[in-house]
Amino acid sequence: MTSGFAEDEENLGKKRPSTHPPPRRPRIPHVTIKTRGTQRPPRDSRRYAVGAALGLLVVGAALGFGELTAGLARATSPVVTVGDALVDNSPPFLMEWAISLFGTADKAVLITGVVVVLVLAGAVLGVVALSRPVVGYVGLTLFTAVGLAAVILRRADDMGAASAVVVGGVAGAVTLWLLLRTARPALATEERHGTPQAPADTEGATSSEPGPDRGPGRRGFVLTATGVLAATGAAGALGRFLPSVTGGAGAQGALTLPAPASPLPALPSGVDLGVPGMVPFSTPNKDFYRIDTALTIPRLDSTRWTLRVHGLVDRPFEIDMDELLSRELVEADITLACVSNQVGGDLISNTRWLGFPLADLLREAGVQSGADQILSTSDDGWTCGTPTEVVMDGRDALLAVGMGGEPLPHVNGYPARMVVPGLYGFVSATKWVTDIKLTRFADEEAYWAQRGWGVRAPIKTMSRIDVPAPLGRVEAGETVLAGVAWAQHRGIDAVEVRVDDGDWWEAELAEVPGIDTWVQWVAETSVEPGAHSVEVRATDSTGFTQPSERVDPIPDGATGWHRIRFTAD
Ligand SMILES: Nc1nc2c(c(=O)[nH]1)N[C@H]1C(S)=C(S)[C@@H](COP(=O)(O)O)O[C@H]1N2
Ligand SMILES: [Mo]
C-alpha cells in the first residue's frame, strides 16, 4: 500500500507519462530513508486525515440518502434491516450473551455497532480510495450487496427497504466520485510542495508560501465536502422525520375501544398492600416491561390491520379491526411474564386486558384434529407457537386490543396481540399479530424454538422480594419484608419467607382478582443490627412448591429461591 501511494504521488505530482513498470521510488537509498523519517509522516497523516474524512462523508451520504429513501417509501432503514438480519441469524448463545450484557438496551447497542463498523470501514476505505479509487467503489458495492442480502434474508417483500439500500449505495458512489475529483489533485499539489525535489511550476501552484491553504483543489474539496455534509444531514434528518408526519400509522389512541360486553368488576381494594418500595398490582402502561426482537417498533395502522386465520381449519377467514371491535369483547386480569426473567428479575407486569376470546375465534375457523400448534406471526415476521389445547381449555386467552383501559401502546403490540394466561410471552403473546395458522408442532417451529428455547412453556411458580431492596438498609428492630409471587393460571396458595437461613414462616397474601395474576405478599420480622439475608418461596394451588435449585432461563424459565441481603442499623 505504501509503495502504491508513492507511485501515485509521483504520477500525480510530476504528470509523467505513464511508464511500465512505474519508476521505483528509492532511487537514492539514503535520501529515501531520510525522507521517510522526516517528510513522509506529515504527508501521510494528511493523506490519512483527508482519506478518513472522505470515507466518513461517503458513509454519511449513503446512510443519509438511505434513510431519506426509507422515509419516503415508509420502509425499513438499511441499518435497521442489517441489524434485524444479524439478530435473526446470530447463534442463540450470542443473543443470550447480548441480552444478558445489555438487557433491553441490546437494540441500541446493535444499531450503534452496525454504524461503528460502517464508520471504521468507511475511514479505511477512504484512505485507500485516495490512491486506488476502484477499491472505494468495490467496497461500496460490497456493502450495498450486504445490505441487499439483509433485505432478502429479512424483508424479501419490502421493495422500499431494497430501494433504500440501492439509493444509499448510489449516493455513496456519487459522493466518492465528487470528493475524489477534488481531493486527489489537492493532495497532489500539497505533497508536491512539501517535497524538495518537486518542481514548483505546475498547475495551481502559483503561490510559494508553504502550508495547505492553497490551490483550487483544496478549496474544491472543502466546498464539495461541505455540500455533501449539508445534503447528507438534510436527507438523513428528513428521512427520520418523514415517517412521523406522513405516517398516520395508527398513532396511539387512533383506535377507539368499545366498552367490554361483560365488564369485570373493579379490582378488589386489597390487591395493593401499599408497602413503600413495592411495584403496584396494576402496572401502568408506560412501565410495562417490553421484550421483543423488533429493532424499530412496528407502527401499524389499525384501519389497514387484518388478521388471517388459516391452516388446519375448516373455514379459514380474515378479520379486520372494525369487525373485531364489533364483537363482544371481554376483560381479563393477566400477569404477563418473560421466560428470560431471572430469579428476582422484573420482566413481568400485570394489567387488565380487553380483547376477543381466542378460543371463539378458533372455533369460528373450525380447528381440525391434530392441529396441536397455533403458529402466530407478527407484522414484522416474528413467529410464536402456542399449544392449541391450552388456548381452548377455557382460560381467558385473548386477542387483545386494549390494556390498562387504553388501546395497546405501539410497543406492546398495537393494534392487536395475543395474551394467554399461564404461558410465557415467547410462546403466547404475539404482538402486532396479523396471522394465525393452525399447524402441528411436528411440522413447524416458531422463532425461539428454532433457537433452542422450549416449545411448551408454562410459567413456573415463582416469588420475588421487593422490600427491602437488595443490599438495602433498614432500621434495626421491627421491619417489613414484602414482594410478589406468581403461578399464572394455577394461583398462589402460600408464600414463605425466612431470615438468615432460619425457619420458614408464612407471609400474608394480598387479595387477587383471580388465578391469572401475581399476588403481593408481606411479612413482618424483627432484626438485630448487622447484615442479614431473606429468602422467599411460593407454593401454588396444585401444592407444588418453588424449588431451590437454580436453573437458567433457557430453555423454559428460571427456577430458584430469590435471596437478597440487607443491613440493619
Ligand atoms: N411480534 C413479537 N411479539 C412478541 C415478541 C417478539 O419478539 N415479537 N416477544 C414475546 C416475548 S418473549 C414476550 S416476553 C412478550 C413481551 O410483551 P411486552 O413487550 O408487551 O411486555 O411479547 C412476546 N411477543
Ligand atoms: Mo419473553
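## Burial and the chain as a whole

A residue is called buried when its relative accessible area is under 20%, exposed when that area is over 50%, and partly exposed in between. At 2% relative accessibility, W432 therefore counts as buried. The model discussed here is predicted.

The protein chain has 569 residues, and 52% of them are buried. Its secondary structure comes to 12 helices and 19 strands. Take the contacts between residues at least 6 apart in sequence: 75% of these join residues at least 24 apart.

## Nonpolar cores

In soluble globular proteins, nonpolar side chains tend to be buried together. The largest nonpolar core in this model has 80 residues. The members that touch the most other members are L307, W353, L358, L361, L399 and I436.

L361 shows what such contacts look like along the sequence. With its neighbours within four places left out, L361 is in contact with L307, V309, F317, I319, R327, F356 and L399.

## The cavity

Rolling a probe the size of a water molecule over the atoms shows where empty space is left. The structure holds 1 cavity of 30 Å³ or more. The space in the largest cavity is about 70 Å³.

The residues lining the largest cavity are A337, C338, V339, N341, Q342, Y424, K460, M462, W486, G557 and A558. Sorted by class, this lining has 7 nonpolar, 3 polar and 1 charged residues.

A70 is part of helix α3, which covers residues 40-72. Its relative accessible area is 3%, so A70 is buried. Apart from neighbours within four places in sequence, the residues in contact with A70 are A75, T76, S77, P78 and A164. A70 and L242 are 172 residues apart in sequence, and their C-alpha atoms are 9.2 Å apart in space.

W521 sits in strand β17, which covers residues 519-527. W521 is buried, because its relative accessible area is 0%. From W521 to E496 the separation is 25 residues in sequence and 9.2 Å in space, C-alpha to C-alpha.

## Backbone exceptions

Most residues other than glycine have a negative phi, and most peptide bonds are trans. Which residues does a cis peptide bond join, with omega about 5°? They are Y414 and P415. P415 is in the loop between β8 (406-407) and β9 (417-419). A cis peptide bond also joins V467 and P468, with omega about -5°. P468 is in the loop between β11 (462-467) and β12 (473-474).

W432 is not a glycine, yet its phi is positive, near 50°. W432 lies in the loop between β9 and β10 (433-439). D501 is not a glycine either, and its phi is positive at about 60°. The place of D501 is the loop between β14 (492-499) and β15 (505-506).

Is D501 buried, partly exposed or exposed? Its relative accessibility is 44%, so D501 counts as partly exposed, while W432, at 2%, is buried.

Key: Residues numbered from 1 in each chain as written. Chains lettered and ligands numbered in written order. Heavy atoms only, no water. 1 Å grid on protein atoms, 1.4 Å probe; cavity = no way out; pocket = protein on both sides within 12 Å on 5 of 7 lines; lining within 4 Å. Points joined across faces, edges and corners; volume = space filled by probe spheres on them. Nonpolar A, V, L, I, M, F, W, Y, C, P; charged D, E, K, R; others polar. Core = buried A, V, L, I, M, F, W, Y, C linked by side-chain atoms within 4.5 Å. Buried < 20%, exposed > 50% of the residue type's maximum accessible area, 1.4 Å probe, protein only. Contact = heavy atoms within 4.5 Å. Helix = DSSP H or I, 4+ residues; strand = E, 2+ residues; numbered from the N terminus.
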